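Please find below a colleague's note on the structure shown here.

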Amino acid sequence: MNDAKRYKEKNRKLAEWKRKLSLILEYSGKISTSSGLSDILKVITNETRDVILADRCTVFLLDKSKNELYSWIAHGLGRKKIRFPASTGLAGAAVTTGKIINVKDAYSDRRFNPEIDQKTGYYTKSILCVPMRNQPGQIIGVFQVLNKKDGFFTKQDEEMLRLLSSQASGIIENAMLYEEMKKSFKSFINTLAETVDARDPLTAGHSSRVCAYSLLIADRMGYSDKDRERLQYAALLHDLGKIGVKEAVLTKPGRLDLDESAHIQTHTSVTRKILERTYFQHGFRNIPIIASSHHENVDGTGYPQKLKGEEIPEISRIMAVADVFDALTYKRHYRNPMPMEKVLSILREETGRKFDPGCIDAFFSLDLCDVLRVMTEAEENGEKDSIGSGMSEFRGISLKDLHERLKKKEKDEAVKKFSKFYPVAGLKKRS
Ligand SMILES: [Fe+2]
Ligand SMILES: [Fe+2]
């Protein structure tokens with residue numbers, strides 16, 4: 001190679017490294033400004049895919065307790081979760097060997113697991129997997145990129161992906177630790193809520209259902225992850241003050257007199273007092289006021305502060321709808337669950353007086369299938385689905401549709417099935 005050629009080659013390499021350096025710097029900047037594990041992983045997968053010029057990217061995290069790899073942020077998978085033994089597939093091979101795996105034709109490699117392709121209708125050709133290591137060098141996951149845009153993954157791609165994964169690993173590990181902490185905090189709150197609800201057998205599970213209905217409404221209203229989290233804490237803790245309500249009043253098998261009603265109403269201010277003594281991190285400091293405002297009415301006739309309209313935190317206005325819906329659809333000491341048509345009519349009638357119209361609209365737009373899942377406490381995979389696989393029959397029917405059909409006494413298959421299920425199944429579960 002003559003001098004001119006050598007000089008040109010040197011310059012090309014320099015320019016290439018300059019490009020890579022700026023990409024890595026840009027990458028670090030972008031991923032370090034994201035917060036929350038899901039957001040961080042979303043940014044990382046998008047950025048990595050673009051930097052490596054791949055078609056898809058997935059970051060698998062290693063669940064050491066089960067020796068499984070999992071991901072819920074993968075291009076082409078939507079909101080589905082993937083989980084598989086860390087000893088399988090090419091990503092698994094990267095974990096077990098601790099080496100970079102670069103394969104030009106996935107289907108000709110016997111370690112390749114085509115299951116995800118089969119599920120997503122995708123066709124993997126080239127694949128590059130790089131183990132992600134933390135500071136002490138332990139493997140905490142795998143970076144996987146699929147189908148290089150212009151041919152195969154090169155040695156430079158391997159090096160680049162290794163650099164990107166080491167840039168990201170610290171941020172991911174911190175986010176995972178934070179997520180773990182949040183998980184244990186949430187499970188503590190859950191147990192606390194269950195303990196309060198369990199004082200009265202007929203309100204068992206009330207707080208977690210109010211939380212679940214509220215989340216469904218919040219999703220319709222486009223809530224951010226942060227606001228959803230705030231809502232979760234507030235909803236789970238909303239009736240915490242019932243801890244101070246006398247057992248005889250709480251479980252009275254009949255209507256309450258005025259004094260008893262006034263006594264039970266004190267649960268909101270007790271909720272606030274207890275929560276005000278609890279430390280909430282920045283961003284969650286208004287949980288006491290949100291949680292304790294679920295009996296405020298938008299016309300100012302509620303309690304404990306007689307707040308009006310937007311003076312009531314929006315999350316509390318959402319919780320108010322969820323709280324009443326759950327109360328009316330469950331058995332009480334003095335009555336059975338109310339017929340669904342009546343429940344929905346009450347919610348409509350009370351709009352503008354008790355309930356916020358925006359929250360009510362979001363509530364009535366909910367899918368019946370999702371609402372029934374909460375009501376029956378059915379699990380996502382259907383194992384605990386008390387109405388079996390038939391649950392999906394309600395998909396696509398909103399509460400608004402259901403209300404209309406019930407009012408018109410329409411008796412199509414879905415309504416018939418629903419009428420059989422509600423409130424009979426509910427009574428079985430609730431008494
Ligand atoms: Fe309450
Ligand atoms: Fe409640």
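The points below concern a predicted model and proceed from the overall chain to its cores and then to one helix pair.

1. Overall architecture. The protein chain contains 17 helices and six strands. Its C-alpha trace extends over about 100 × 50 × 35 Å along the principal axes. Of the 431 residues in the chain, 34% are buried. Among contacts with a separation of 6 or more, 60% join residues 24 or more positions apart.

2. Largest nonpolar core. This core comprises 50 residues, and those with the most contacts inside it are Ile 217, Ala 234, Ile 318 and Val 321. Helix α11 (residues 314-329) supplies the largest share of the core, with seven residues. When residues up to four places away in sequence are left out, Ala 234 touches Ile 287, Ile 290, Ala 291, Ile 315 and Met 319.

3. A separate core. Another nonpolar core, of 42 residues, lies apart from the largest one. Its members include Ile 40, Leu 61, Ile 101 and Leu 146.

4. Geometry of α1 and α5. The axes of helix α1 (residues 3-32) and helix α5 (residues 155-197) come within 10 Å and cross at roughly 25°. Because of this angle, α1 counts as roughly parallel to α5. The crossing of α1 past α5 is right-handed.

5. Residues between α1 and α5. On the α1 side, Lys 20, Ile 24, Tyr 27, Ser 28, Ile 31 and Ser 32 take part; they meet Met 160, Leu 163, Leu 164, Gln 167, Ala 168 and Ile 171 of α5. By class, this contact has eight nonpolar, three polar and one charged residues.

How values were computed
Residues numbered from 1 in each chain as written. Chains lettered and ligands numbered in written order. Predicted model: local features only at pLDDT ≥ 70, side-chain atom pairs only at ≥ 80, totals over all residues. Core = buried A, V, L, I, M, F, W, Y, C linked by C-beta atoms within 7 Å. Buried ≥ 20, exposed ≤ 12 C-beta atoms within 10 Å, placed from the backbone. Helix = DSSP H or I, 4+ residues; strand = E, 2+ residues; numbered from the N terminus. Contact = placed C-beta atoms within 7 Å. Axes fitted to C-alpha atoms, helices over the stretch in contact; angles between N-to-C directions. Parallel < 35°, antiparallel > 145°, perpendicular 65-115°, else oblique. Left-handed = near helix turned anticlockwise from the far one by under 90°. Nonpolar A, V, L, I, M, F, W, Y, C, P; charged D, E, K, R; others polar.
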